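Dear colleague,

Please find below the structure that I am handing over to you. My findings follow directly after it.

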Amino acid sequence: MSALPDGIHNFLGDTQWEGAEIAPLVGDASFRRYFRLKMGGKTAMLMHAPPPHEDPRPFLHVARWLEESGMRGPAILAEDAANGWVLTEDFGDTRMKEWIDDNPQGEAEVYAKAIDTLVQLHQLPPGPFEPYDVAVYQREAGLFTEWYCPAAGLDVDEMGWKAAWDVVLFPLMQRQQPGVTVLRDYHAENIMLLEPGKLAGEQGLIDFQDALVGHLAYDLVSLLQDARRDVSQQLEHDMMCRYRAAADPGEHFEADYARLGAQRNAKIVGIFTRLYKRDGKPRYLEMIPRVWAAMERDLSHPAMEPVAAWFDANIPRELRDELGGKIA
């Protein structure tokens with residue numbers, strides 16, 4: 001994977017970055033690859049999202065909408081979507097996650113800024129994206145029984161799982177309209193601090209290509225029940241209060257937050273298991289216990305009773321305590 005992809009010089013030859021120094025960067029859980037370009041004291045980011053595994057057009061679509069709406073996604077400098085190339089503004093290296101690791105005293109203020117960004121996003125009319133409908137929620141939740149349960153040696157009632165989620169999701173869907181833009185992976189590894197010297201400085205958004213129109217609680221869950229870093233329950237509570245004070249999301253917000261927390265966390269457990277079983281990426285397994293613990297907290301909310309009952313019947317409490325989200 002260290003060699004440069006075919007076609008990279010042809011693409012750059014049609015831009016102002018021909019002849020730039022090309023430095024590969026660490027990728028993510030997808031087939032996308034990233035490179036930093038350096039030339040004349042300036043830098044830019046190059047993404048290669050090669051077909052058929054990847055398609056950069058959704059990224060371009062969301063990025064342009066964010067820019068037109070006054071949100072801070074990276075500016076698009078050049079593109080060749082058919083061959084998977086996108087050249088963007090460089091947001092630098094300061095991700096929210098690592099900055100907080102090095103500056104724990106600033107955690108609350110940086111999270112507060114991230115909450116304010118969501119408030120700003122949710123004040124906009126929903127973007128021109130597909131709906132986050134029941135079929136999508138169910139398909140995602142189904143990753144838990146499709147991947148985690150077999151890997152953990154669990155024989156479970158898959159039809160009952162789906163039926164329980166139908167009951168849980170029904171009231172949420174009644175309140176989701178007209179919806180807001182949901183970035184879907186809004187967390188500390190996908191928020192860049194563009195002014196790291198200022199706690200409440202500008203923050204840049206990345207990894208938003210899967211945006212849908214859905215419920216305003218979803219990205220709160222992504223941020224405050226982060227699969228990749230520990231967020232204390234006190235900070236989660238404080239940031240929820242900040243959001244509620246600014247956005248006034250209604251009396252059912254806490255219940256819907258629990259619904260989407262359990263749904264997202266079940267999905268992530270399934271995805272991380274798939275990354276291990278199918279894609280040979282075991283490092284994601286160490287994150288599952290954190291996600292599982294958050295899911296258990298969500299399941300304790302009365303709104304989650306049908307899904308909680310499914311767990312009690314299929315993965316009893318003593319077994320859940322023993323597994324803790326680990327694969328047997």
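In this predicted model, Phe 311 touches Phe 144, Trp 161, Trp 292, Met 295, Leu 299, Pro 316 and Arg 320, leaving out residues up to four places away in sequence. Phe 311 also belongs to the largest nonpolar core, which has 88 residues; together with Met 96, Tyr 111 and Phe 144, Phe 311 touches the most other members. The element that gives the most to this core is helix α9 (residues 253-277), with 10 residues. Another core lies apart from it and has 13 residues, among them Leu 12, Trp 17, Ala 44 and Leu 87. In soluble globular proteins, nonpolar side chains tend to be buried together.

The helix that holds Phe 311 deserves a description of its own. In α11, the buried residues are Val 307, Ala 308, Trp 310, Phe 311 and Asn 314. Viewed down the axis of α11, these buried residues fall within an arc of 155°, so they line one face of the helix. An α-helix has 3.6 residues a turn, so residues three or four places apart point the same way. Which helices do the buried residues of α11 pack against? They pack against α5 (134-151), α6 (158-176), α10 and α12 (317-323).

Two of these contacts can be set out in detail. The axes of α10 (residues 288-299) and α11 (residues 305-314) come within 9 Å and cross at roughly 120°, which means that α10 is oblique to α11. On the α10 side the contact involves Trp 292, Met 295 and Leu 299, which meet Val 307, Ala 308 and Phe 311 in α11. By class, this contact of α10 with α11 has six nonpolar residues, no polar ones and no charged ones.

With α6, the axis of α11 is 8 Å apart and the packing angle is about 160°. Angles over 145 degrees count as roughly antiparallel, and α6 is therefore roughly antiparallel to α11. Here Gly 160, Trp 161, Ala 164, Trp 165, Val 167 and Val 168 in α6 meet Pro 306, Val 307, Trp 310 and Phe 311 in α11. The residues of the contact of α6 with α11 divide into nine nonpolar, one polar and no charged.

Elsewhere in the chain, Thr 88 is placed in strand β5 (residues 85-88). Thr 88 has a relative accessible area of 8% and is therefore buried. Apart from neighbours within four places in sequence, Thr 88 is in contact with Ala 44, Met 45, Phe 59, Pro 74, Ala 75, Ile 76 and Leu 77.

Most residues other than glycine have a negative phi, and most peptide bonds are trans. Pro 51 and Pro 52 are joined by a cis peptide bond, with omega about 5°; Pro 52 is found in the loop between β3 (42-48) and α2 (57-68). A cis peptide bond also joins Gln 177 and Pro 178, with omega about 0°, and Pro 178 is in the loop between α6 and β6 (180-182).

Arg 184, although not a glycine, has a positive phi of about 80°. Arg 184 lies in the loop between β6 and β7 (191-193) and counts as buried at 14% relative accessibility. Asp 248, likewise not a glycine, has a positive phi of about 50°. Asp 248 is in the loop between α8 (233-247) and α9, and at 63% relative accessibility Asp 248 counts as exposed.

With kind regards

Key:
Residues are numbered from 1 along each chain as its sequence is written. This is a predicted model: local features need pLDDT of at least 70, side-chain atom pairs count only at pLDDT 80 or more; totals for chains, interfaces and linings use all residues. Side-chain values use heavy atoms; hydrogens and water are left out. Axes are lines fitted to C-alpha atoms, for helices over the stretch in contact, and angles run from 0 to 180 degrees between N-to-C directions. Helices (H or I, at least four residues) and strands (E, at least two) are DSSP runs, numbered from the N terminus. Angles under 35 degrees count as roughly parallel, over 145 as roughly antiparallel, 65 to 115 as roughly perpendicular and the rest as oblique. Contact means heavy atoms within 4.5 Å. Ala, Val, Leu, Ile, Met, Phe, Trp, Tyr, Cys and Pro count as nonpolar, Asp, Glu, Lys and Arg as charged, and the others, Gly among them, as polar. A nonpolar core is a set of buried Ala, Val, Leu, Ile, Met, Phe, Trp, Tyr and Cys residues joined through side-chain atoms within 4.5 Å. Buried means under 20% relative accessible area, exposed over 50%, partly exposed in between (1.4 Å probe, protein chains only). The arc is that of the directions from the helix axis to the C-beta atoms.
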